[in-house]
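Me: Please take a close look at one part of this model with me, and spell out the cut-offs as you go. I'd like one connected walk-through.

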Amino acid sequence: MADNNGVVAVYGNGAGELSEPSKNLATLSGKVGLARMLRGGVIMEVATPEQARIAEEAGACAVMAVEHVPADIRAQGGVARMSDPALIRDIKRAVTIPVMAKARIGHFVEAQILQTIGVDYVDESEVLTPADDQHHINKHNFKAPFVCGCSDLGEALCRIGEGAAMIRTKGEAGTGNVVEAVRQVRGIMGAIRSLRTMDDDEVFAYAKKIAAPYDLVMQTKQLGRLPVVQFAAGGVATPADAALMMQLGCDGVFVDSGIFKSRDPVRRARAVVQAVTHHTDPKILADVSTGFEEAMEGINLKDSRTERFARRS
Ligand SMILES: O=C(CO)[C@H](O)[C@H](O)COP(=O)(O)O
């Protein structure tokens, strides 16, 4: 049974006590509800308090505090880690909207630090160099809500099973190329459509096939959507890209390198927010797409030298 947030209802043990998994679900349900408040919004990656203010004034629903946007992480190579807490604190002081920050996959100590300094959401991100190639963070251990990347339905439900309160596609971050994000969103939406019409008896085998927790697969079938908010991310670079992801059924978008690696970030930030708000109105989309300086330079994903961040898990 789903509660108002679309997450499963939580039952006690009859003695007024909740079992450990039920406590996890109760906490998760609160975090999922918080993340739902970002629906219909744009999350922008910012590297300075000034950029954070630009994002807030443009109407971003949250910012991600980073030292380097994904395009720069690609260009620089090497090991990418959590940002300096001093920078995150400065960005937090500069804005009133929620501030997210990234921890490496599996690096629960970076996540503990981010939670301690009061970030509003932790992004367990494949854009940073993974710290653990076997395990993701047990996100149930944290009060802060987590957002995690996924490439398909199985991966999305595994991350939710570990306690993620929000899902985003991985796309191919820092490329300015939306093709992977589109492929992943279409894949997830298509899989949910087939799940909807599947016989209940077949769900056990399907859950095994996609290596996802049965309860979450069943819940997705019943809801006809992921049980948490689903944003698009990775290569979304223009207002039209952002509207495309919304029309494909996403709840919101992350637009990072595309804004602050462009020549006119202030206009572009506003245009992307307008495009998401009016994503079904081609006339407004035409207006907000008009007269920009050149967009960020894109990267061809067919070039074998392009590192695929989305394959990190
Ligand atoms: O935070 C992220 C992942 O952790 C980014 O939002 C995401 O990958 C966006 O990348 P891009 O620079 O291509 O917009």
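Reply: Happy to, and let's start at the surface: P282 is exposed, with a relative accessible area of 61%. Exposed means over 50% relative accessible area, buried under 20%, and partly exposed in between, using a 1.4 Å probe and protein chains only. The areas come from the Shrake-Rupley method with that 1.4 Å probe, and for residues only the protein chains shown count as cover. This is a predicted model, in which local features need pLDDT of at least 70 and side-chain atom pairs count only at pLDDT 80 or more, while totals for chains, interfaces and linings use all residues. Residues are numbered from 1 along each chain as its sequence is written, and side-chain values use heavy atoms, with hydrogens and water left out.

P282 sits in helix 13 (residues 282–288); helices (H or I, at least four residues) and strands (E, at least two) are DSSP runs numbered from the N terminus. Its C-alpha atom is 39 Å from that of A80, 202 residues away along the chain. By contrast, T220 in helix 9 (residues 214–223) is buried, at a relative accessible area of 0%. A polar atom of the T220 side chain lies 2.7 Å from the backbone oxygen of L216. That is a polar contact: a pair of N or O atoms within 3.5 Å, where within protein one must be able to donate a hydrogen and the other to accept it, and residues adjacent in sequence count only if both atoms are side-chain atoms.

Now for the strands. In strand 7 (residues 229–232), V229 and F231 on one side and Q230 and A232 on the other are all buried. In a regular strand the side chains alternate between the two faces of the sheet. Strand 8 (residues 252–255) is also covered both ways, with G252 and F254 pointing one way, V253 and V255 the other, and all buried.

Strands pair if DSSP finds at least two bridges between them. Strand 7 pairs in parallel with strand 6 (residues 166–169) over three bridges, where V229 is the partner of M166. Strand 7 also runs parallel to strand 8, joined by two bridges, and A232 stands opposite V253. Between strands 7 and 8 the chain passes through helix 10 (residues 239–247) in a right-handed β-α-β crossover, meaning that, with the strands pointing away from the viewer, the path from the first strand over the helix to the second runs clockwise. Strand 8 is parallel to strand 1 (residues 42–46) as well, through three bridges, and V255 is the bridge partner of M44.

Ligand oxygen atoms lie 2.2 Å from a side-chain N or O atom of D256, 2.5 Å from one of S125 and 3.2 Å from a polar side-chain atom of E45. The protein covers 99% of the 370 Å² of accessible area that the ligand has on its own.
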